[in-house]
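Here is a friendly tour of one protein model, written for someone who likes to check geometry. Please keep the viewer open as you read.

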Amino acid sequence: MTRYRPTWVEVDLDAIRYNVRLLKPEGVELMAVLKADGYGHGYAPVAEAALEAGAAWLGVALVEEGIALRDTGVDARILVLSEFPRGSEKEALAASLTPTVYTQEGLAAVAEAGAPEPVAVHLKVDTGMHRAGFWPPEDAPGFAREIVQRGLRLEGLYTHFACADEDASGTTKQLRWLLAVADRLRAEGIHPLLHAANSAATILHPETHLDMVRTGAAMYGIDPGGGIGPRFGVRPALTWKSEVSTVRRLPAGERISYGWRYTLERDSNVANVPVGYEDGYSRALSSKAEVLIRGRRHRVAGTVTMDQILVDCGDEDVASGDEVVLIGQQGEERITADELASRIGTIGYEIVTAISERVPREYRG
Ligand SMILES: Cc1ncc(COP(=O)(O)O)c(C=O)c1O
């Protein structure tokens, strides 16, 4: 369809490649985590760029995501990071998606769907995140044995950290549990691929790299927490742009947008920009966020509406057609997804994954 509205996302695939090379430890595999449409960046182009830069595995949250990725022609290994939902096993295995298992029911379903082939599975152990994974970890070696006895191949053993950006001792504890399980299995001649590190652990805790790291946020240039991503030198890959549609000069004292919650303190040029909360530009950013126009920061004036925002440009001589940067660089100024997140008490992950399908993605590099 012809695109008329000048609001779009640009994804810099060179930045993805750069980040993969920066993050991948020597002699260790890297899994590119592509769930939620590649954190809003577009899974297929990101997968291709990550694989080119040295990623060996791809990780997704949903069977649907894995199948969609396969349908683009990707033949790399794809791990689904939770158990296959019941009923999806045959289709998932037919698409050569690698299952995660951690319950008796999940194990039985994969074994039945895969028989008589010896399906390769990864056992996820809950070492403290308490979201998904086999619990308690001290019983995980027994469950691993059952996997093998059922004729499946235990290809991987992994866990997920809850607080790698903030809590070094908690992370060490989680790692120790995983290693204890691995030691028990090794003693029985079982040597699965070991993996644990997300972006924060990849950057902060080299001892967690094991056989493979699983990077999401930092691969996209999003901060995994506490500013460690930017300090490590990752490059944001996503730029979100629009254009000024109209400008009107309004006198001091005028109140703006739904609810009249923003009052002009002086006579101002107020720009209308065609982006809104339906695009994923959160309504919580009302009067809080800034955008870049003509290389300078200007405040979002009042309530973010479904399809449009208003911007208080003061005496800046803005005009219809001027480029507006919502996330990204313009001149010397930069607004990051992490900055928007900090204004509304969330994380950069949520900002980029919220950008809706209505916003077309374009690719550079
Ligand atoms: C199991 C698993 N591994 C790795 C990641 C990647 O985490 P991050 O985006 O912090 O690198 C995620 C994402 O939440 C995950 O669920």
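Which residues of β15 are buried on one side, and which on the other? This is a predicted model, and the answer comes under the first heading.

## A strand covered on both faces

On one side of β15 the buried residues are Ser268, Val270 and Asn272, while Asn269, Ala271 and Val273 are buried on the other, so both faces are covered. With 6 of its 6 residues buried, strand β15 (residues 268–273) is largely enclosed by the rest of the structure.

The neighbours of β15 in the sheet are worth a look too. Strand β12 (residues 246–250) runs antiparallel to β15 and is joined to it by 5 bridges. Strand β18 (residues 309–312) is also antiparallel to β15, with 4 bridges between them. Val270 takes part in both pairings: it is the bridge partner of Arg248, and it stands opposite Asp312 in β18.

## The parallel sheet

Elsewhere, 9 strands form an open sheet with parallel pairing, in the order β5-β4-β3-β2-β10-β9-β8-β7-β6. Its edges are β5 (97–98) and β6 (100–101); each has a single partner strand, so one side of each is left without a neighbour in the sheet.

## An enclosed helix

Why can α6 be called largely enclosed by the rest of the structure? Because 8 of its 11 residues are buried. These are Gly106, Leu107, Ala108, Ala109, Val110, Ala111, Ala113 and Gly114. Their cover includes α5 (89–94), β6, β7 and α7.

## Backbone geometry to check

Most residues other than glycine have a negative phi, and most peptide bonds are trans. Four places in this model are worth checking with that in mind.

One joins Ala115 and Pro116, with omega at about 5°; Pro116 lies in the loop between α6 (104–114) and β7 (120–124). The other joins Trp135 and Pro136, with omega at about 0°, and Pro136 is found in the loop between β7 and α7 (140–149).

Tyr39 has a phi near 50° and lies in helix α2 (residues 35–39). Arg294 has a phi of about 55° and sits in the loop between β16 (290–293) and β17 (296–300). Is each of these residues buried or exposed? Tyr39 is buried, at 8% relative accessible area, whereas Arg294 is partly exposed, at 41%.

## Around the ligand

Tyr39 returns here: together with Ser199, Arg214, Ala217 and Tyr349, it comes nearest among the 13 residues around the ligand.

From Gly216, a polar backbone atom is 2.8 Å from a ligand oxygen. In Tyr349, an N or O atom of the side chain is 2.6 Å from an oxygen of the ligand. On its own the ligand has 390 Å² of accessible area, and the protein covers 93% of that.

Notes
Residues numbered from 1 in each chain as written. Predicted model: local features only at pLDDT ≥ 70, side-chain atom pairs only at ≥ 80, totals over all residues. Heavy atoms only, no water. Pairing = 2+ DSSP bridges. Helix = DSSP H or I, 4+ residues; strand = E, 2+ residues; numbered from the N terminus. Buried < 20%, exposed > 50% of the residue type's maximum accessible area, 1.4 Å probe, protein only. Contact = heavy atoms within 4.5 Å. Near = heavy atom within 4 Å. Polar contact = N/O pair within 3.5 Å; in protein donor to acceptor, adjacent residues only side chain to side chain. Areas by Shrake-Rupley, 256 points an atom, 1.4 Å probe, with all protein chains shown as cover.
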